[in-house]
Amino acid sequence: MAKPFDVSKFRKNITKAIDGISVGFTDPTDWISTNNFALNYLISGDFNKGIPMGKVTVFAGESGAGKSFICSGNLVRNAQAQGIYVILIDTENALDEKWLHALGVDTGEDKLLKLNMAMIDDVAKTIHEFMKEYKEMSERPKVLFVIDSLGMLLTPTDINQFQAGDMKGDMGRKPKALTSLVRNCVNMFGSYNVGMVCTNHTYASQDMFDPDDKISGGQGFVYASSIVVAMKKLKLKEDEDGNKISDVMGIRASCKIMKTRYAKPFETVQIKIPYETGMNPYSGMVDMCEKAGLLKQEGNRLKWVDPETGEEFKFYRKEWKDDKLDMIMAKFHIKTLTTPTILEETEENVE
């Protein structure tokens, strides 16, 4: 007579036989806000969550698109506020302490470790050694790695050719190394409260049928990453009241969610980052609500109807902010279950 299948015994045997295997689900328990409600929602499906621990998130964009502002500034500050220790790996030698302080980052040794690295191999070794010790800890802290940026990391071939004065390129080693780095990190972090956020560069596409900017370093590590946000730099030509002016007052960062498992991918939001005041957490919310069909144009005002009470609220576009948007956010999920999904921005909206 055949023996019955013993699930408990099989689980025990398989975990002993294969080193590093884990059993069960590892859904994220901790999330870090980007400090922008609309961006949080498009990444995670929640206005307050943002990016998850236990995963690898990549923000990619051209220089000056706001990647470091969000990753090395907002995410680090908000991680620290949640008691998450941050290991900040600076590969560009560009993250000044004064700039981080201006963004609210605590650079004290008990809150942040800043490492200056140039080699992919060194970054990989550092993370590997950390995780090896981390697994042996009786009390494991929450830790966030931030790499700013992947695009500036070098391979040994880059160094050797520079020293020899013979710059032929690394023959494709860098994309393979970045893919290996991200793949290993995804596997190592999954069962623990350890996460990683990276920035990377993009370059203009030469393909007329696929005009989106391309992320440098190949596609391998993009496939391995848990979340990918593509950022495009646009000029902000508005004063504090939202009036059009000729001077450039900051950045309009167009953020497209290229990959996420927590919300519908390929959605876009524009975030305004004024040079003087920084980003408003509600930036992009009005446009997002319009695309979702929650705010509708009626004359020269935007109208919202409470899905529970039927009460109507009408305000000028500039008046829809803070407490008024909080009303919509509190009931956003109720209406969006029955309305069309948020449409991507048209070319006219992002010019």
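**Charges, fold and aromatic pairs in a predicted model**

**View A. Placement of charged side chains.** The protein carries 45 positive and 50 negative charges, whose mean positions lie 6 Å apart. Lys and Arg are counted as positive and Asp and Glu as negative, while His and the chain ends are not counted; each charge is placed at NZ of Lys, CZ of Arg, CG of Asp or CD of Glu. The model is predicted, so that local features need pLDDT of at least 70 and side-chain atom pairs count only at pLDDT 80 or more, whereas totals for chains, interfaces and linings use all residues. Residues are numbered from 1 along each chain as its sequence is written, and side-chain values use heavy atoms, with hydrogens and water left out.

**View B. Overall fold of the chain.** The protein contains 12 helices and 15 strands, taken as DSSP runs numbered from the N terminus (helices: H or I, at least four residues; strands: E, at least two). Its radius of gyration is 23 Å, close to the 20 Å that the globule rule gives for 351 residues, so the protein is as compact as a globular protein of that length; the radius is taken over C-alpha atoms, and the rule is 2.2 Å times the number of residues to the power 0.38. Of the 351 residues, 45% count as buried, where buried means under 20% relative accessible area with a 1.4 Å probe and protein chains only.

**View C. An edge-to-face pair of phenylalanines.** The protein has 11 aromatic pairs, in which rings of Phe, Tyr and Trp (its six-membered ring) have centres within 6.5 Å, with planes under 30 degrees apart called stacked, over 60 edge-to-face and the rest tilted. The ring centres of Phe 47 and Phe 332 are 5.2 Å apart and their planes stand at 85°, so this pair is edge-to-face. The pair links distant parts of the chain, 285 residues apart: Phe 47 belongs to the loop between helix H2 (37-44) and strand S2 (51-52), and Phe 332 to helix H11 (residues 332-336). Phe 47 is buried, with a relative accessible area of 7%, and Phe 332 is buried as well, with a value of 1%.

View D. Phe 145 and Phe 189 form a stacked aromatic pair, 6.1 Å from centre to centre with 5° between the planes. This pair, too, links distant parts of the chain, 44 residues apart, with Phe 145 in strand S6 (residues 143-148) and Phe 189 in helix H7 (residues 173-189). Both Phe 145 and Phe 189 are buried, and together with Phe 130, Tyr 134 and Tyr 192 they form one aromatic cluster.

Conventions:
Buried < 20%, exposed > 50% of the residue type's maximum accessible area, 1.4 Å probe, protein only.
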